[in-house]
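Colleague: Before I plan any reading of this model, could we go through a few of its sites and spaces together, one at a time?

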Amino acid sequence: MSSKKIILDEKDLPKQWYNIQADLPEPLEPPYNTRAGRPATPEDLEAIFPKEIIKQEMSSERYIDIPEPVREAYKIWRPSPLVRATNLEKFLDTPAKIYFKNEGVSPSGSHKSNSAIAQAFYNKEEGVKRIATETGAGQWGSALAMACQKFGIECVVYMVKVSFEQKPYRKSLMQVYGAQVFSSPSSQTETGRKVLTEDPDNQGSLGLAISEAIEDVLNNKNSKYSLGSVLNHVAMHQTIIGLEAKKQLEIAGDYPDIVIACLGGGSNFSGTAFPFIMDKLQGKQPNLKAIAAEPSACPKLSKGVLAYDYGDSSGFTPALKMYTLGHTFMPGGIHAGGLRYHGASPLVSALVKHNLVDPVTVKQREAFEAAVTFARTEGILPAPESAHAIRVAIQEALKAKEEGKSKTILFNLSGNGYFDLSAYDNYLSGSMVDYEYPSEKVCEALTHLPKI
């Protein structure tokens, strides 16, 4: 039995992104400018973002047009395949049907290119010459480096140190695309230098790398900042994943009972699940189950608090209402670097608050066990981040087997793992360890939440 691939034609590429803000049970609480003691305004954000991105961030329009140059760039790899994982189904001996959307086919190897292309385009339109960003596992940095090269913009990336050392070829890929890459914490910024003085062996975090990138932008002319997750506009750009998947499942005559994606900041979960959660919010699919798979080392949805918090470790960003472990929290050095973020998207957080999304935690070795099973049955090596979603998909398929029910499961293969072979070596050698979140450190970090 071979797995079945459902491929759309270029003409079926969506022409609009879906903005779930139009359908939320209640409006999001606005970002907060703690320095001014008031909600943040568009003007507050203009120092780091182009105006069109700010407009999208605050928009409540249900659909927003995808610019034609962005759609043309998407056509390099989109529409991406939807695959019925029949070999995995057979291995599990489950009555469940398992589909996965393969976002690892993009030039950068992950879903991140969906927003990187859009953000680079809007910056180019505004005359921006230089973009600074952060990256955890290197997927976002690779995607933005590619997008900046396409639109003729200089790219500077602050890569979390633990991933910088674990994934050297991610750095190489960014440099091939023309980006300048620094290990974070770095000596390039005051933020980085301060951390290195206090702790020369600091392994870094996404929050810290964000602080460095924003400080960089504020100190360089013609520069803007670009974020690869968390924010509303990023989640919206990623909905092209779920919008395509809906068309492909329609061709297959199917619709998911369960939608699953891993969650770090929330971009790939949002992109996969939001177009389906729209149907639930509109009363069309009341029984849909959406599961966010997060690492046990950084379980912000499962064990964090819903509060205003900064998106970075230094408090440069406005405070966002989100599930958080505290912006100073330093998670363990797991191989799924893209999931090592202290907070969750305000949009995802709002859906969790209203019991529309179920968070599930996965241990590191469980994720890699599932990844190896998937590679041996479906022939694709998944990114460690994606492996968390695979683990939950397998659990749900086995649960369907126990219950004797035929369920349809969709998960997002958010990226391939061909730059992560050192992590697989670590797992296969038996030297990989699980990291549990240190509750005492989280409690300490939560004492630093901004006072709103």
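Modeller: A residue is called buried when its relative accessible area is under 20%, exposed when over 50%, and partly exposed in between. Please keep in mind that this is a predicted model.

Colleague: By those cut-offs, is Glu29 buried, exposed or partly exposed?

Modeller: Glu29 is found in the loop between strand S2 (16–18) and strand S3 (32–33). Its relative accessible area is 42%, and the in-between class runs from the 20% limit to the 50% limit, so Glu29 is partly exposed.

Colleague: With which side chain does the side chain of Glu29 make a polar contact?

Modeller: Not counting residues up to four places away in sequence, Glu29 touches Tyr308 and Lys321. A polar contact at 2.8 Å joins the side chain of Glu29 to the side chain of Lys321.

Colleague: How far apart in space are Glu29 and Pro346, C-alpha to C-alpha?

Modeller: In sequence, Glu29 and Pro346 are 317 residues apart. In space, their C-alpha to C-alpha separation is 8.6 Å.

Colleague: Is Ser349 buried or exposed?

Modeller: Ser349 lies in helix H15 (residues 346–353). Leaving aside neighbours within four places in sequence, Ser349 is in contact with Leu306, Lys321, Met322, Tyr323 and Ala344. Its relative accessibility is 1%, and the cut-off for this class is under 20%, so Ser349 counts as buried.

Colleague: How many of the 13 residues of H10 are buried?

Modeller: Helix H10 (206–218) reaches 18 Å from its first C-alpha to its last, close to the 18 Å expected at 1.5 Å a residue. What covers its buried residues includes S8, strand S9 (154–160), strand S10 (180–184), H9 and strand S11 (223–225). The buried residues include Leu206, Leu208, Glu212, Glu215 and Asp216. H10 is largely enclosed by the rest of the structure, because the number of its residues that are buried is 12.

Colleague: Which helix gives the largest share of the lining of the largest pocket?

Modeller: The largest pocket holds about 330 Å³ of space and is lined by 17 residues, of which Thr191, Lys194, Val195, Glu198 and Leu208 lie nearest its centre. By class, that lining divides into five nonpolar, seven polar and five charged residues. Helix H9 (190–198) and H10 each supply at least two residues of the lining, and the largest share, five residues, comes from H9.

Colleague: How many nonpolar residues does the lining of the second largest cavity have?

Modeller: The second largest cavity has a volume of about 180 Å³, and of the 16 residues that line it, the closest to its centre are Phe49, Leu231, Thr317, Pro318 and Leu320. The lining of the largest cavity divides into 11 nonpolar, 14 polar and three charged residues. For the second largest cavity, the lining has two polar and one charged residues, and its nonpolar residues number 13.

Note on methods:
Residues numbered from 1 in each chain as written. Predicted model: local features only at pLDDT ≥ 70, side-chain atom pairs only at ≥ 80, totals over all residues. Heavy atoms only, no water. Helix = DSSP H or I, 4+ residues; strand = E, 2+ residues; numbered from the N terminus. Nonpolar A, V, L, I, M, F, W, Y, C, P; charged D, E, K, R; others polar. 1 Å grid on protein atoms, 1.4 Å probe; cavity = no way out; pocket = protein on both sides within 12 Å on 5 of 7 lines; lining within 4 Å. Points joined across faces, edges and corners; volume = space filled by probe spheres on them. Buried < 20%, exposed > 50% of the residue type's maximum accessible area, 1.4 Å probe, protein only. Contact = heavy atoms within 4.5 Å. Polar contact = N/O pair within 3.5 Å; in protein donor to acceptor, adjacent residues only side chain to side chain. Expected span 1.5 Å × (residues − 1).
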